[in-house]
Amino acid sequence: LRRLMPDFSALIPVTTNERLLWTVVAISAGICEEIVFRGWLLATLHAPLLLAGTALVVAASVIFGLAHSYQGITGMLLTAFAGAFFCGLYVATGSLLMPILLHIVIDARFAILPGPRVQAPRVAYT
């Protein structure tokens with residue numbers, strides 16, 4: 001069977017240092033991606049291209065999904081849907097604060113989840 005998502009297991013933080021670094025990256029991504037993809041991109045697509053409403057949200061979400069192409073088609077689709085949700089939060093609140101905080105929480109969840117289990121090799125007793 002072909003996997004829908006690439007194997008990212010090597011990226012999942014396990015040690016305390018990896019978890020701390022992951023948290024820093026999650027905070028950075030949450031802040032930077034929301035400023036770029038919700039703050040700047042929405043304004044950029046709206047003003048010169050006169051996109052508005054659903055067309056604006058769809059265009060920005062597709063671009064956000066494409067920026068995550070390294071995650072494969074499933075990852076891009078899920079990220080595009082997340083981008084649409086973040087757009088909705090931004091429009092509903094009039095602020096980037098809620099999308100930033102939620103984005104950070106979504107990305108940082110791997111820093112607090114248990115690491116992947118490694119099964120001990122089975123020993124045959126005779």
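Biologist: A pocket, on a 1 Å grid over the protein atoms alone, is an open set of points where a 1.4 Å probe fits, with protein on both sides within 12 Å along at least five of seven lines. What volume does the largest pocket have?

Modeller: This is a predicted model, in which local features need pLDDT of at least 70 and side-chain atom pairs count only at pLDDT 80 or more, while totals for chains, interfaces and linings use all residues. Residues are numbered from 1 along each chain as its sequence is written, and side-chain values use heavy atoms, with hydrogens and water left out. A volume is the space filled by probe spheres set on the grid points, which are joined across faces, edges and corners. For the largest pocket, this volume comes to about 820 Å³.

Biologist: Which helix gives the most residues to the lining of the largest pocket?

Modeller: Lining residues have an atom within 4 Å of a point, and 26 of them line this pocket, with Trp-22, Tyr-70, Gln-71, Asp-107 and Phe-110 lying nearest its centre. Helices are DSSP runs of H or I with at least four residues, numbered from the N terminus, and those that give two or more residues to the lining are helix 1, helix 3 (72-93) and helix 4 (97-112). With six residues, the one that gives the most is helix 1.

Biologist: Which aromatic pair ties together parts that are 88 residues apart in sequence?

Modeller: Rings of Phe, Tyr and Trp (its six-membered ring) pair if their centres lie within 6.5 Å, and planes under 30 degrees apart count as stacked, over 60 as edge-to-face and the rest as tilted. The structure holds two such pairs, and in one of them the ring centres of Trp-22 and Phe-110 are 5.7 Å apart with planes at 75 degrees, so the pair is edge-to-face.

Biologist: Are Phe-37 and Phe-64 buried or exposed?

Modeller: Phe-37 and Phe-64 also form an edge-to-face pair, at 4.9 Å centre to centre and 65 degrees between the planes. Phe-37 lies in helix 1 and Phe-64 in helix 2, so the pair ties together parts 27 residues apart in sequence. Buried means under 20% relative accessible area, exposed over 50% and partly exposed in between, with a 1.4 Å probe and protein chains only, and on this scale both Phe-37 and Phe-64 are buried.

Biologist: Which residue has a positive phi of about 60 degrees although it is not a glycine?

Modeller: Most residues other than glycine have a negative phi. The residue in question is found in the loop between helix 1 and helix 2, and its relative accessible area of 70% means that it counts as exposed. Leu-45 is in contact with this residue (contact means heavy atoms within 4.5 Å), and its other contacts beyond four places in sequence include Leu-56 and Ile-63. The residue with the positive phi is Leu-50.
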